[in-house]
Every structure is written in C-alpha cells, then in structure tokens.
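Have your viewer ready and try each one before reading on.

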Amino acid sequence: MQQVTEIRWHARGGQGAVTAAKMVAEVALSQDKYFQAFPEYGPERSGAPIVAFTRLSDEPIQIYSAIEHPDYVLVLDPTLLDVVDVTAGTSDGAVVIVNSEGACSELAGRPEMAGRNVYTVPATKIALETIKRAIPNTPLIGALAKVSGLFSLEGILEEVQTSLSKKFNENVVNANLEAVRRGYEEVSDE
Amino acid sequence: MARKAITGNGAIALALKQVEPDVMAAYPITPQTEIAQNYAQFVADGAVKTEYIPVESEHSAMSAAIGSCAAGARTITATSSQGFALMWEMLFIAASLRLPLTMPVITRALSGPINIHCDHSDSMGGRDCGWIQLYGEDGQEGYDNAIQAFRIAEHMDVRLPVMTMIDGFIISGAIGPVETLPDAEVKKFVGDYTALNPLLNVENPVTIGAFDSLGGWYFEHKVAQNRAMENAMKVIEEVGAEYGKLSGRAYSHFKTHQIEDAEIVLVAIGSAAGNVKTMVDTLRAEGKKVGMLKVRTFRPFPYEQIRAALSGAKVIGVMDRSDSYGAQGGPLFTEISAAMFGGDTRPKMFNFIYGLGGRDIFPDDIRGAVETLEQAAAGEQVSQTRHYLNVREG
C-alpha cells in the first residue's frame, strides 16, 4: 500500500502556518516527492485558531479529505494547547512539536500527550532574534526536518533561499535561513 | 515540461495565461475565485495582452463575455457558486448563440443556509443550459481541461461554450504538483482563433440574437444545438488524444480503475474520485472485486460508452456531490441509471449523496458505501436506493 506521511499544523491566523505548509510542499517538489498542502477552509481571521495540512509521499497522492490521523503535529502557538485538542486522532508514537520555551518534560506530562513523542523548540524566541518578528513558522520547519528526517537541512535552506529571494532582500532571506538552522539545532525532547 | 507546486486556482489561471485570450470579463468580488484575481494580476503586470473587463455582477460578466465573443474576440470568464447562479439566464443565451466561450467553474454550494464550501450544486444545476461540461479531479486535470476547452469549443463541428470544473477549496485552494507545458506549446496547441460571423465585420453585417416568433426556427435551432453536442462527443476524444501526444496525459470521456472483473463499481466525479480510487486499492488488497469509473464529460453524457464499460458490474454505486430534490437520485445517478436501462443486463443501482456544503468524505465513508453494495451483491434486501454519507441523522 501507498505510504503517505501526514502532517497537521495548528496555529493562529497570522503565524504563517499556511506558508509553512506550502514551503514544505515546495521542498517536497524540489526533491521529486509528491505532496499536498491545504488549509482547513473557512473565514481566516488574524489570531483565530487555524489548522493546515501537508501530505508527503513517493507516489501520487489521490486522497483529498482532511487528515484524521496525522503522523506529525506542529503547534505554532503554545496557548492553543488549552484551546484545541492538538493530539486528536493521533496514535501512540505520533510526533508532536510545540513552539515553546518551556521544558519539554512539562508539556509531555500533559494527559493528551501520553504516548506521543513530544518535542519543543523556542520558535518565537528564535524568530524574534533572527527575523525580528514573532512569526515562528521557519524555525518550526527546521525542527520538523531534524525530528522527522523527511528532508535534509540543506534541502530546506536551498528552498527557503529560492522562494524568499523572489520577494525579499538578502538580509530578510539570511535571517530566515538562520531561523531554519536554529530551529533544526534547538529542537529538543528534554 | 515543468513541475510546479501550485493551487488548483493557480494552475487554471496559468493555463488561461498561456492561452492568452483576447478578452476576460469577470466579476472581481466574492464568490469569485483567485483565478480572476490572478488573471487580473497578469494583465496589470503586462504579462498578457488580454483586455480585462471587471463588471458589476456575474450576470453582466456573462453578458459582456457574450458581447465580446459575438463581436469576434476569443473570450473567457470564470465563476463559482452564487456567481454561477446569477449567470443563469445568460448561460443559455451563450450556448444558443453558439459562442465558443470557455469558463472554469470552481464548484461550490448554493445558499442557503449560506455556505461557501464545495459541492456540485452550482454546475450540476446548470447541466441543461447547453454548455459542454468537463469535470477534473485535481489541479492537473483543471489545468489540462482549461487548455483543451478552447479546442473543443472552437471546433467548427461544435461551436458551443465549454465549462471546466474543479472542486472548490478541496482542489482550488490546495497546493499540489502540476506539470505545466511551455507557453509556446500551449499557444500552438490551441491555435489562432477564427470568429464565425463576427459582429465587427462591416463586409458581412449580421444580426445576432434576433427575435424568433412562432413561425420561426427556434425548434430547429435547438435541434442543431443538440447535434453540436453529439459532434462534441467525438471532438472531445480527438482533442484529448492529441493533448495526450503533447503532454503525455491523454483524456477521454471517463477513466476506469480495476473494473475488468469488478462485481461492484463505484462511479464518481470530481476530487472524490481520488478518494474512491484509493479505497478501491485498499479493498482490492483485501481481495474484494471492486472497481471505479470516474466521469470527466458530463455534457454531452457518454451514455453508450459508460453502459459498455459498466456492463459487467453486478452492483453500481453512484456518488453525487449534489442532490436533486424530489428526484430518484442525484444528477449523476439518474444519468448512469438511464444509461444502464438501455443495456441487456441491468445491474442493481444505488446512489450515495455526499459532501454537500463541504462536508468531508473520509475513507471509512466510502468503505461503508461499498459494504452496502456488498449486501446488495449478496442478494440481501437493501431498503433504500439513495443513501447519504457522513450525514448526521436521528
């Protein structure tokens, strides 16, 4: 049967989850993988909880329903943990990566995280120090690469470079590259 | 050939850009889609020479498109949902004037309750307006159909408008891989536009859309429209085959998957066909003789070919993303049932209505539908013909 990796992104409107889901799709494209990236459609409002999805496979993907049982859950905003059931539909062993400066063990102790592989990465802190804006998406992509091994750090850096260079100046591009790199290095399960 | 990560909307807008028609008339506000927005950007950037006419409603969009096309220009528009409904009156006029317009439709629900999400109420409601209808599963098919639409519409044996559908949001807003052709190849495939009896030809003055009274030719005109639809049946296949040579992706009226020895066949249209195909593969791995037929051409409806393709099935489940209130089933169901009635063997027919207003259709819903069909195949009594998938009842 076809192997499809399924990723669910939880964020608030404006944190760049949809852009991140797109970026992962672009990385997959550059590596000749098949992919899908789509938001949970609805009126989008800045600050409101949103969900986005990514599917990755070595073969064409022909299923278009929402992801029910994600292999990876990425939480761009830790305040969502008390608002949204981010582990809904996940099985034991699913990976949850949370943007948080807190200790991973604290989060892993939450009842809904039982049996899940929990990681944290201080993505907002990294974003503020690199791109100078509280948009945690690029560090999360770096963290996903490290934890999942789905694609190489070099592959992502190349993609971020290509896609951002079309729109932004060198400083912005470099800051984002640094944000990805630090996300990759600073993600932790401790 | 380039592979892109692009939304369904983006893929179709790109196809239109590569064709570069003379005129696009479109209503620029919701329920319009990003196709019109992207195209307006191409015009503003000077990437195309198309004249863009933003109008005050979809009724006006179709009216302007009709005027432009009658004047002699290759003309397009795009719409969705309530916009499609507002075009209603003019859709019939475009077809009866035999104007080769093309229009991507992002299929979405009709109010009420107010709902912006995917179903086929809009385009299926317009199935008898005289337009050719092609449905695509994903962004790739949306792109490919948008290009082929010009060749089909403009063929001298056809000269009918063509609408090409993809599912709202599920495909239109999702990013997927799309293989695109070089601009020059698309332009060459589509060819130059030849207007037939254009209004803007002082050498040959014509009247278009004149009054036709009781002693007139209205009836004969309608028969001619239907003959053109019959001609389109062949032209759609020819164009699909030629496009296959160019792109490696040949198109016909429908596609089958695992139906050769299938006892149970699910018939689907739009993105759900992918979900069904994936479930068919799962069920085949479990040893079940299940297959799928995906409909691309809905008007003209390829009833003879579909009847032949489905003749070996014991039980057929037809999946409709729109309902037909008070009818025996959804639009696809009634077409397939009518097609099968003309055959020597009559499979048992069931209808599964799903996905109205964007309600998701999960693998388990499709599995459930197949279980119902298995009961029928085993000779058990199945009480209803029409079933609703993933609906809250009770």
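**Exercise 1.** Find which element supplies the largest share of the lining of the second largest pocket.

*Solution.* Start with the elements that each supply at least two residues of this lining in the predicted model. Next, look for the largest share: E9(B) takes it with five residues. Finally, sort the lining by residue class, which gives 19 nonpolar, nine polar and 10 charged.

**Exercise 2.** Work out how much space lies in the second largest pocket, and which residues are closest to its centre.

*Solution.* The volume comes to about 850 Å³. Of the 38 lining residues, the closest to the centre are A:Gln62 from chain A, and B:Glu137, B:Asp138, B:Gln140 and B:Glu141 from chain B.

**Exercise 3.** Describe the contact between chain A and chain B, going from area to polar pairs to elements.

*Solution.* First, the area: the two chains bury about 2,000 Å² between them, with 62% of it on carbon and sulfur atoms. On chain A's part, A:Tyr41, A:Gln62 and A:Tyr64 supply 36% of the area buried against chain B, more than any other three residues. Third, the elements: helix H1 (17-30) and strand E2 (34-39) of chain A each supply at least two residues of the side touching chain B, and E2(A) gives the largest share, six residues.

Note on methods. Residues numbered from 1 in each chain as written. Chains lettered and ligands numbered in written order. Predicted model: local features only at pLDDT ≥ 70, side-chain atom pairs only at ≥ 80, totals over all residues. Heavy atoms only, no water. Buried area = accessible area lost by both parts, 1.4 Å probe. Polar contact = N/O pair within 3.5 Å; in protein donor to acceptor, adjacent residues only side chain to side chain. Helix = DSSP H or I, 4+ residues; strand = E, 2+ residues; numbered from the N terminus. 1 Å grid on protein atoms, 1.4 Å probe; cavity = no way out; pocket = protein on both sides within 12 Å on 5 of 7 lines; lining within 4 Å. Points joined across faces, edges and corners; volume = space filled by probe spheres on them. Nonpolar A, V, L, I, M, F, W, Y, C, P; charged D, E, K, R; others polar.
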